[in-house]
Each structure stands twice: as C-alpha cells, then as structure tokens.
Amino acid sequence: MFSALHYSITPLLHSSDCERSERIPDMIRITDILDRISAYHPEADLDLVERAYIYSARIHEGQVRLSGEPYLSHPLEVAGLLTDLKLDPVSAAAGLLHDALEDTKATMEDLTRLFGEPVAHIVEGVTKLSGLAFRSSEARQAENIRKMILAMADDIRVILIKLCDRLHNMRTLQFQNEKKQIDIAQETLDIYAPLASRLGIYWIKTELEDIAFMYLFPQPYREIVDQVAQKKYEQKEHINTIRNIIETKMAEAELSCEVNGRHKHFYGIYQKMMNQGVDFKEVYDLLAFRIILDTVPQCYQAIGIIHSIWKPIPKRFKDFIGIPKPNMYQSLHTTVIGPLGERVEIQIRTKEMDRVARDGIAAHWQYKEKIGFDQKAGAAFQWLRKLVEEQKDLKDPDEFMESVRIELFPDEVYVFTPGGDVLAFPKGSTPVDFAYAIHTEVGRQCTGAKVDGRMVPLKYELNTGQRVEIITSSNHQPSKDWLSFVKTAKARSQLRQHIKREERKLSLALGREMCEKALRKYHLSLNKFLKSDEMAKAVHDLGYKTPDDLIASVGYGKVTPLQVARYLLPKAEIKDEKETIVDRLKQRIKGKKAKSGILVRGVDDILVRFANCCSPLPGDLVVGYITRGQGITVHRTSCLNALNMDSERRIELAWAPESDELYPVRIHVLCDDKIGLLANITAAISQGAANILDAKVNTRADKRADCYFTISVSGADHLANVTNLIKKIRHVIKVSRLAA
C-alpha cells in the first residue's frame, strides 16, 4: 500500500504545470532528500523517511497552500532544510510530519504506532510551539512557552524543525495578505531570528532577518540591495585580485585552502546605518574574506602569511580558536590594510569550524550511534538546561516569562569601539562602563564621551550598534556620583577602590594633622615616634597593622588623637581625659536629649540621624556611617547607599532593647478609585495603632489612585501589621514602603 501511494503521488508533485512553475521555484523531491541523507549518513534508515513521506502525502491529500501548490510541498521543503543541517532520519521524518497533528486527523497514537515514539514526541513538541503567542504574558501563553522550553531541552530537534518551518514560510510569504506579511515578519524578527542566533545557526538567522526586512521596510531594503549590487559590480575585479593574492601566497606555502569573499547581509547593513546614523557610503566593513583550511596549525600559519602580506590593524586580531565563543564558534579574525589602502576583514578556520560557524548547535548532533550532543554542544546549550531547572521553582507566569527573556534572548547591548571591535554590556550601561571595559586608566581619566560622533552625558544609556569614543584627561579623577549609574561589576569595583584610596589619603592627612596638633602641646613632633616601640605598641593594642592605618583611623574618627598620644608620652604628661568618638558625639548634644533607640558600641543616646534614602525602623538590620561634623548616619544594611559606603567609615549599630520612640515612614497604596475607599484605608491605619502625619492622593486616567501616607510606627513589625491590614481591604492593589 505504501509503495503504491508513493508512486501515485510523486508524478503529481512534479508535473510540468507551466503557470505554477512561473510563480514558484521547483519543489524538492523526496528522492533528493533521501540522496542527501545517504551522502552524509550512509547507514541511515531511509525506510523511516520514505514511510513518513507517504503518510504525509495521504493525510494532506487535497490540501493546498495559498500559492496553489499541493500542501505536501511544505513538509518536503522543511525536510530538505533539515538535510541542509545534516540531521538524522528521525528529524527528516518528523519534518515531513510536523503539521500532521495540527492540520489533519492524525493522532499521537497513530504517529507513535507507525513511526515510533521519538518521531511522535518531536512532532508533538513542534505542534505546541506552532500555537504560541509570544507577545502575550498571560498564564496560558506562558504555559505554552514553558512546554516548548521543556521540549527543546528534551530534544533540540523540536526547535530546529520549527526554525526550518518558519524559514520556508518566510520564503513563500508573498502569498499572504499585507497585514499577515507584516505580522509574520515582525514576529520572525522578534523571536525566530534571535533564537537562530542564540543557537549559532547564522545562515538561518541572516536569511530570516533579510526576508523580514524586505516586508517590514521595503523601500530601504530595495535601496540597500541596489547599492550592494552596485558595490559588488564595482569591486568585482578588486575582489578577484585579493583572492588571487591570497591563493598564490597560500600555494607558495603549500597550504591547500578555499578562499571565499562575502558581503554583510542587508539587514545587518541597515542596522548599522540606523544605529550609527550614517548612510551606505559610510559603512566601510562590507567586504570580508574567509580562508578555509584542513588543520588548526595551518590556520595559525595562514594568519602569519596574511600579516606578512598586508599590515594588520592594531587590536583587530581575535583568536576564537584558542578561546571559542560560548556558542562553539571558532575562527581567527583579523583586519588588514588591503592593496588599495582599504580595510579588509579576513577570517581563517578549518572545515569543521566552518560547519559549526554555519550550523551552530546542529553541527554537533550525533546521528550515527546514539541521540544526543557531544560535550561541546552540551556546554554551549547549558543556558537552556539552566532555564529548565529554574522553571521548576517559578510558579508565577510573569516571573517565568522574565526568566525566558533573560536566558533565551539576553538583555544586552553591543557597541563598537573606535577601532571597530564589538563589546557587550548589560542593558542600561553608560560610557563610564565602556571606558572601564577598555582599560582602568581610561575609566579613571574619563571626562566625556562621544556616541556616533555626538557628545553625550556620562550617564547616557548605550544602545546596540552605537560607536563609542571616550575623551580623557590625565589630571582628571573619577567622581563618586558615577556609582549611582554604572552597571558593570568592573566599573563599580574600580570606582569603589578609587574612592576608598582617596578617602584614605584625606583621612591620613587629617589624622596626621590632628596627631601633630595633640603632640604640639608637648613640643613634640609625630615623625619622632613613627618608628618607635611606643607607636608599635599603640598599633598592636588598638588593632591595626601599620602606623599609617592607625593615623588614618584618627582621620576617619574611629580613634582620637589623645588615645594615640597616651602611648607616645609618659602618663604623667597626659591630662586625665578619656575622649572617644562616642564622647565627642555626645558633647554635641545640648540640653535634654531625645532617645534615638540606637546603640553604638554599647552606649546609647548619642548624636545620630536616620538616612532619608532608606528610612530605617527598629527591627531592620542597620549599619552606621561616621560623617565628620554630623555624627553617625543610620542606614538599612540593604540600602544601596550603605553598600557603596567606604568600609573604613562603617560602624556596627544595634537597636536598643526597649524604646518608646515612634518613627515616621512613608508608604504608597495603589488602589482602584472607589468612593469611600480612602476612608477605609485611613481606618485601617488607625486600627493598626499608627498615626497619620501626612496624606496625599493622586488619581489616574485608568481609574486607579496613588495614595501616599506618612505614618508614625514603633518599628518594622508595627509597620508590617499596618500594611497587612491595608492589603485586606477590597480594591487595594499594592502596598509598599517608600524612602522618607
């Protein structure tokens, strides 16, 4: 039966219908697919693929595409694309059947019985993925994506088939109406092209992007296509010259190689033009050559030959063979000054590296002995396995969607250095982050920045594709304010280290001055004691490592000059004073003192103030910060300002065990704009034994209201009780604590 069906349908699919052939390229034949599989997998089970083809033809019989072709042409093309990736017979069979569950009466039981569990499992995974609505974060769509992620991690062939399915649909998008064309092209650009890139399958990524570009921006697309074609025509002889030089030099070194020239794809050119604000003539890196050899030693030999022919541009050599990219990409990259003085990019790699660069994760599929990935592929696919592990603990759909966006589509920006190198940064990064990424000294001396040739503030947020240039001055120093907007760990770390060094310099100078003043009363100089046994004992007893550390602590306010002087002079010469930082702070308090509820080194009721940035309350974990002339500022330990404080000025604090003090705190209540709701909220605050010090209400256009209250509470537990009472009120959406 299967054999008869095979022969009865094949002529139909390849009839010489002149009208149809004028509109549509010749379809791939099942014999072509079988021949391709046999070429790279001689021992493949071709019977499985043939049976899948015959079954697909039967269940899709009578169905046609918008182009007028038999529907079977689509599964055939998808299977053909899978053979371009050199995937196994199971993949090809699943490709031929990928629409069976969605568009026909076939069932999972049918597929499992006829083709085995692996094929049925893949088809089911592709079917779930086909129904996804990526732009929605509702629970139903989130659950679909969760299933898709699980299917991908369980069998990567699910997403490889879906990518091939989308590619063929994009190739035939002209048969859809205009609205459908726009919607499908946008979804492709938003989802499928980035996914192909994440998997390292760049030939699919670039074709998806270029076709989507053609439908979304037809006029710019046509202009770029025409300009690239003209450029190719003008450079044809020049390209041949460069290729001939390379081939000749490699032949002289007895290196057998393949040399290819290529132009950047259309959407890539458009992105660069838009992001950098330049026209086509100002995009200089359109041309690149690729040299493909047999072995890794030959690659390094070839790079030496290239650099002996043409002068390399500094800092443009990249060794991705020694240090591969995370998605397994390996190659040597260099940019040289060509024979006409122009920049020429050259990539050098082995044949296997070229296959991985083209096919990404699919290049490591083991189809001969067992299903799975090799070690390289497993490492490159770690991000997906991590996502699968994390999703088990994420019950909230919004949280899961956020984790998908972060892992599947990294939220990064890619910017260019003046030399053309690409650097990756977290979204929201600034020119200061860029400067520190270039070099620590560049970051320290950064005074300004140009983005795409225009001056921008140092807190300007960078966008992908921009070209960044840093302006420096040798006598400039970083600002502490930079900590409020830098994003990268390196920038934050370097800034903190610089601020700490500067604080230490100031404190060391101040400490010397204070100690000199204390000793001057006795007609002595500090220098006389710096290397004395008395100073060594003072350093040891007071818990420091060096005399400079001790003197700096005087400047910080942690140790008083008189404490140091007692070690340096005979006791008889020292006035009977016991002054500490706590004593000095207490002396500032005039008249009757209000209790603060804070203990500093076991002494209460000293000069303290509570930070407005975090409004600490009893019960919160707190830390103190010594401020010259202002006593101690109390922060919550989780406060960002506290985390950025110089550790030398921090001091341990604790709340007094019993205190009758009340503390002001601001809260925000987001609620529906309903009559009587404000009265209910204020009643809840009163019920919680909190006094309202201030209240403000703003209504929104969306029929909601923002209510801001300043209330007095005895501590964090008291505040939690009040907010819980408010949350129980109907139509209250959210209650949050604010800074003062």
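User: Hi! How many aromatic pairs does the structure hold?
Analyst: Hello! The structure holds nine aromatic pairs; rings of Phe, Tyr and Trp (its six-membered ring) pair if their centres lie within 6.5 Å, and planes under 30 degrees apart count as stacked, over 60 as edge-to-face and the rest as tilted. This is a predicted model, where local features need pLDDT of at least 70, side-chain atom pairs count only at pLDDT 80 or more, and totals for chains, interfaces and linings use all residues. Residues are numbered from 1 along each chain as its sequence is written, and side-chain values use heavy atoms, with hydrogens and water left out.
User: Okay, how are the rings of Tyr-55 and Phe-115 arranged?
Analyst: Their centres are 5.4 Å apart and their planes stand at 70°, so Tyr-55 and Phe-115 are edge-to-face.
User: And are those two buried or exposed?
Analyst: Both Tyr-55 and Phe-115 are buried (buried means under 20% relative accessible area, exposed over 50%, partly exposed in between, with a 1.4 Å probe and protein chains only).
User: What about Tyr-221 and Phe-266?
Analyst: That pair is edge-to-face too, because the planes are at 90°, with the ring centres 5.8 Å apart. Tyr-221 is buried, with a relative accessible area of 12%.
User: Nice. Which residues do ring pairs link into a cluster?
Analyst: The cluster consists of Phe-213, Phe-217, Tyr-221, Phe-266, Tyr-267 and Tyr-270.
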